[in-house]
Amino acid sequence: MTDTVEAPAAVKPINHWISGAPHAGRSGRSGPVFNPATGEQSGAVDFATAEEVDLAVQAAKQALPAWRALSLAKRAELFFAIRELFHAQREELAKHLTREHGKVLSDALGEVTRGLEVIEFCCGIPHLLKGAMSEQASTGVDVYSIRQPLGVVAGITPFNFPAMVPMWMWAPALACGNTFVLKPSEKDPSASFYTAELLKQAGVPDGVFNVINGDKVAVDAILEHPDIAAVSFVGSTPIARYVYETATANGKRCQALGGAKNHMVVLPDADIDMAADAAVSAAYGSAGERCMAVSLLVAVGDVADPLVEAIKQRIPKVKVGDGMDAASEMGPLITREHRDKVASYIGADDGATVVVDGRDGCPADGFFLAPTLIDDVKPGMKAYEDEIFGPVLSVTRVASYDEAVRLVNENPYGNGTAIFTRDGGAARQFQFEVQAGMVGINVPIPVPVAYYSFGGWKASLFGDRHIYGPEGIDFYTRSKVVTSRWPDPATSKVDLGFPQTR
Ligand code: NAD
């Protein structure tokens, strides 16, 4: 359901944010926002028209000259204020995530903390924007490079990290001197609206940060808007491909991060308990709705039986429930449709063995599915091929390390992968030859720290720059090289030859 004309009375309207103020949608179209723990509709989010997208872009365009002219010292000072305010309000922000996404509050706080790290990185923007200088490149000639903002840039974000993924985009974009239009997921948009309120409170001038809510209409208006210079996207692979192709065809710079099927390889010498703890945490945390979740366990040789048994023992101890309940460790899925789709993988593949069926013993209300474990999953099966994006862990048994690496490398996705072993040589070989953008060695969810950059390979990323960190600064700026001379007028003469440096 995407076109709710009239929402139930208790439902909160969620507006756009343009030029430093809420902007009630005028399209007459809105989408329902649910509390996934109860299944009840809690909000109705406005869906923008192309004209409303244009309003936000014009606001960002108007704010641009003053924002990009703000000194680096003042921009850094403002980022320290932003950091302090978001840190102080992190629990409130996390509650927005739990209420609309469903993830448990401690996990939501973890998301906010990882996003804050990107803001902290941006506090060093004066250092990050330093160029290079060559004095006396030619006699009396100096050459130097500077990095300048692109202009108005846009971010389109997924439902699964409603605060952190936008922070990956708006923080470096603003720090670099761009102004921003955010189109968050229509499934959990309140965190973006709250972000806008906080940024205003921190002192970010009106129009520098805008939020446009909506669906494909808003996305297409962004992709086609002539005044938007660049688009960052995070979401599923088919939409990432579409966004990349459309944005670049419209002359924009684009980075589009897509889906994943992250393999965790466990070698026979691995510590079984440590590998089982890691697999349970990485497969079922946030109900498996993480692009870095482990969804496939590749068990090498005779590690398979004890590993499957150790995971099976741990699953009943995972407390599934409302994310607002401090006792809960895993919350619901985002929507009823998504929960039903994820559940449809259980028992769907002939030859695979359902070890733990998450449909058993779930809370009755809300969009819950408990941790599920499927063994004997092979390439070609649905559970192997699809990004399920839920609390379903599949186990594939292989005979050798080589077979395990071949599986990872043949997979169309290349976001994250991990190896569990006590053998340093094997781990180093894995790091050397595995085809994925982020690799964990005895670390199951290797999301890079903020001063590195995040991004996958193959169908997990379209574009050539990863997100946040140094590559994020690169993405949101373009370089200019200046060749300068302050000559003595007495030496001036006409010379039609190509400039020489010697
Ligand atoms: P999604 O692709 O459905 O939606 C992402 C964004 O695209 C949303 O803002 C949505 O409104 C918009 N959108 C959806 N359909 C569209 C269409 N037809 N045309 C134009 N825009 C459209 O993704 P999602 O379900 O919100 O998020 C889950 C997906 O995101 C998973 O595949 C997950 O792996 C991926 N993800 C990837 C990363 C990463 O860093 N690689 C991080 C988080 C999530």
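Start with helix H7, residues 190-202. At 1.5 Å a residue, its 13 residues should span 18 Å, and the end C-alpha atoms are 18 Å apart, so expectation and model agree. This is a predicted model, and the values below are computed from it. Several residues of H7 are buried: Ser190, Ala191, Ser192, Phe193, Tyr194, Thr195, Ala196 and Leu199. After the helix comes Gly203. Its phi is positive, near 115 degrees.

How many of the residues of H6 are buried? The count is 12 of the 12, so H6 is largely enclosed by the rest of the structure. The buried set includes the tryptophans Trp168 and Trp170. It also includes Met164, Met167 and Met169. Pro166 and Pro172 belong to it too, as do Val165, Leu174, Ala171, Ala173 and Ala175. H6 is followed by Gly177, again with a positive phi, here near 100 degrees.

Now step back to the whole chain. The protein holds 16 helices and 23 strands. Its C-alpha atoms fill a box of roughly 85 × 60 × 40 Å along the principal axes. Buried residues make up 51% of the 502 residues.

The chain is divided into two domains. Domain 1 takes residues 12-258 + 460-481, and domain 2 takes 262-441. Domain 1 is therefore assigned in two segments, as its bounds come from an automatic or database domain assignment. The centres of the domains, taken over C-alpha atoms, are separated by 31 Å. Domain 1 gives 18 residues to the contact, and domain 2 gives 24 residues. What is the side of domain 1 that touches domain 2 made of? Its residues divide into 7 nonpolar, 8 polar and 3 charged.

The ligand comes next. Where does it lie relative to the domains? Both domain 1 and domain 2 give residues to the shell around it, so the ligand lies between them. The shell has 27 residues. The closest are Pro158, Gly235, Ser236, Gly259 and Cys291. By class, the shell divides into 12 nonpolar, 10 polar and 5 charged residues.

Phe389 has phi near 60 degrees, a positive value in a residue other than glycine. It sits in the loop between helix H13 (382-385) and strand E17 (392-398). Is Phe389 buried or exposed? It has 23 C-beta neighbours inside 10 Å, so it counts as buried. The cut-off for that label is 20 or more.

Tyr468 is the other. Its phi is near 45 degrees, also positive in a residue other than glycine. Tyr468 is found in the loop between strand E22 (461-462) and helix H16 (469-475). This residue is buried, because 29 other C-beta atoms lie within 10 Å.

Two further residues are partly exposed. Gly321 is placed in the loop between helix H11 (304-314) and helix H12 (336-343). With 18 C-beta neighbours inside 10 Å, Gly321 counts as partly exposed. Leaving out residues up to four places away in sequence, Gly321 touches Ala327, Ser328 and Pro363. Gly321 and Gly102 are 219 residues apart in sequence, yet 9.4 Å apart in space, C-alpha to C-alpha.

Arg241 lies in helix H9, residues 237-249. It has 15 other C-beta atoms within 10 Å, so it is partly exposed.

How values were computed. Residues are numbered from 1 along each chain as its sequence is written. This is a predicted model: local features need pLDDT of at least 70, side-chain atom pairs count only at pLDDT 80 or more; totals for chains, interfaces and linings use all residues. Helices (H or I, at least four residues) and strands (E, at least two) are DSSP runs, numbered from the N terminus. Two residues are in contact if their C-beta atoms, placed from the backbone, lie within 7 Å. Ala, Val, Leu, Ile, Met, Phe, Trp, Tyr, Cys and Pro count as nonpolar, Asp, Glu, Lys and Arg as charged, and the others, Gly among them, as polar. A residue is near a molecule or strand if its C-beta atom, placed from the backbone, lies within 6 Å of it. The expected span of a helix is 1.5 Å times one less than its number of residues.
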